[in-house]
Amino acid sequence: MKISLKKYNSDWPIQFEKQKEELLSYIGFLNPKIEHIGSTSIKGLSAKPIIDILVGLEKETDLDKVIQPLTTNNYIYYPIYNKEMPYRRFFVKHKVSPQILNVPTIIDTEEKIPKTTEEHNQRLAHIHILPQKSEHWTRHIAFRNYLRVSPQIKNQYQELKQYLSEKKWEDGNDYSQAKNEFIKREEANAIKWFLKQLD
């Protein structure tokens with residue numbers, strides 16, 4: 001599959017706010033902190049038109065409390081990633097119901113992972129749920145804020161994304177993996193910068 005990047009769209013923050021309100025209606029009882037992250041949160045940066053949402057919970061023991069409220073409301077849960085990232089619960093929200101796409105609500109084996117362009121094009125949001133006071137929360141927020149104030153790094157990221165989008169990938173995960181070296185390097189710089197801002 002090819003990754004379709006879109007120019008920055010000022011509707012993306014509006015879409016985030018709508019998704020935030022929806023998430024609060026389902027898991028607001030956990031008092032989450034909800035942030036817009038990823039390329040759609042960076043003004044001027046092109047992106048896959050999928051809203052990345054970071055949800056911070058007060059306690060790690062609350063992570064599994066989000067599963068039932070979200071899966072019963074058409075969010076796809078990916079426990080297959082829990083072994084690699086036990087501190088995170090990952091969900092996908094589509095523009096249409098999972099039934100229309102013929103996608104299971106719970107993706108717990110490799111065989112169930114959707115690999116079609118149609119499914120990917122119907123994605124509305126990726127939801128990453130983490131403990132709020134964790135290093136993983138900090139690195140996501142730091143990287144977002146760093147790109148917002150670093151035009152040179154943002155432009156380098158834009159060029160990399162554009163280059164990779166012209167290649168063919170088995171799925172979106174392969175595309176994400178190809179960006180990993182750049183992201184890890186700049187995340188380290190972002191965290192140092194971010195922690196200085198807190199001093």
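Which residues in α6 meet F182, I183 and E186 in α8? Keep that in mind as you read these points.

1. **What you are looking at.** This is a predicted model, in which local features need pLDDT of at least 70, side-chain atom pairs count only at pLDDT 80 or more, and totals for chains, interfaces and linings use all residues. Residues are numbered from 1 along each chain as its sequence is written, and side-chain values use heavy atoms, with hydrogens and water left out.

2. **Two helices side by side.** The residues of α6 asked about above are I153, Q156, Y157 and L160; contact here means heavy atoms within 4.5 Å. By class, this contact of α6 with α8 has five nonpolar, one polar and one charged residues. (Ala, Val, Leu, Ile, Met, Phe, Trp, Tyr, Cys and Pro count as nonpolar, Asp, Glu, Lys and Arg as charged, and the others, Gly among them, as polar.) Helices (H or I, at least four residues) and strands (E, at least two) are DSSP runs, numbered from the N terminus.

3. **How those helices are oriented.** Helix α6 covers residues 151–165 and helix α8 residues 180–198; they pack at an angle of about 170°, with their axes 11 Å apart. Axes are lines fitted to C-alpha atoms, for helices over the stretch in contact, and angles run from 0 to 180 degrees between N-to-C directions. The two helices are therefore roughly antiparallel to each other. (Angles under 35 degrees count as roughly parallel, over 145 as roughly antiparallel, 65 to 115 as roughly perpendicular and the rest as oblique.)

4. **The sheet.** Now find the open sheet of five strands, whose order is β1-β2-β5-β4-β3, with mixed pairing. Its edge strands are β1 and β3, each of which pairs on one side only. Two strands pair if DSSP finds at least two bridges between them. On average, neighbouring strands of this sheet are turned by 25° against each other, direction ignored. Helix α5 (residues 135–149) packs on the sheet and touches β1, β2 (51–57) and β5 (123–131); the direction of α5 makes about 45° with that of β1.

5. **Walking across the strands.** Strands of a sheet pair through backbone hydrogen bonds, either parallel or antiparallel. Starting at β1, five bridges join it to β2, and these two run antiparallel; H36 has I53 in β2 as its bridge partner. Seven bridges join β2 to β5, which run parallel, and L57 stands opposite P131 in β5. Next, β4 and β5 pair in the antiparallel sense over six bridges, with I127 in β5 as the bridge partner of F91. Finally, β3 and β4 (residues 89–94) are antiparallel over three bridges. There, Y77 stands opposite F91, while I76 has V92 in β4 as its bridge partner.

6. **Two covered strands.** In a regular strand the side chains alternate between the two faces of the sheet. Are the residues of β4 buried or exposed? Six of the six are buried, so β4 is largely enclosed by the rest of the structure. (Buried means under 20% relative accessible area, exposed over 50%, partly exposed in between, with a 1.4 Å probe and protein chains only.) R89, F91 and K93 lie on one side of β4, and F90, V92 and H94 on the other. Strand β2 is mostly covered too, with seven of its seven residues buried: I51, I53, V55 and L57 point one way, and D52, L54 and G56 the other way.

7. **Aromatic pairs.** Rings of Phe, Tyr and Trp (its six-membered ring) pair if their centres lie within 6.5 Å; planes under 30 degrees apart count as stacked, over 60 as edge-to-face and the rest as tilted. By this rule the count comes to nine aromatic pairs. The rings of Y8 and W12 have centres 5.6 Å apart and planes at 85°, so this pair is edge-to-face. W12 counts as buried at 3% relative accessibility, whereas Y8, at 25%, counts as partly exposed. F143 and Y157 also form an edge-to-face pair, 6.0 Å centre to centre with 70° between the planes. F143 lies in helix α5 and Y157 in helix α6, so the pair ties together parts that are 14 residues apart in sequence. Ring pairs also link Y78, Y81 and F90 into a cluster.

8. **Two asparagines worth a look.** N31, in the loop between α1 (12–27) and β1 (33–37), has a phi near 50°, a positive value in a residue other than glycine. N74, in the loop between α2 (67–71) and β3 (75–77), likewise has a positive phi, near 70°. N31 counts as partly exposed at 49% relative accessibility, and N74 counts as partly exposed at 33%.
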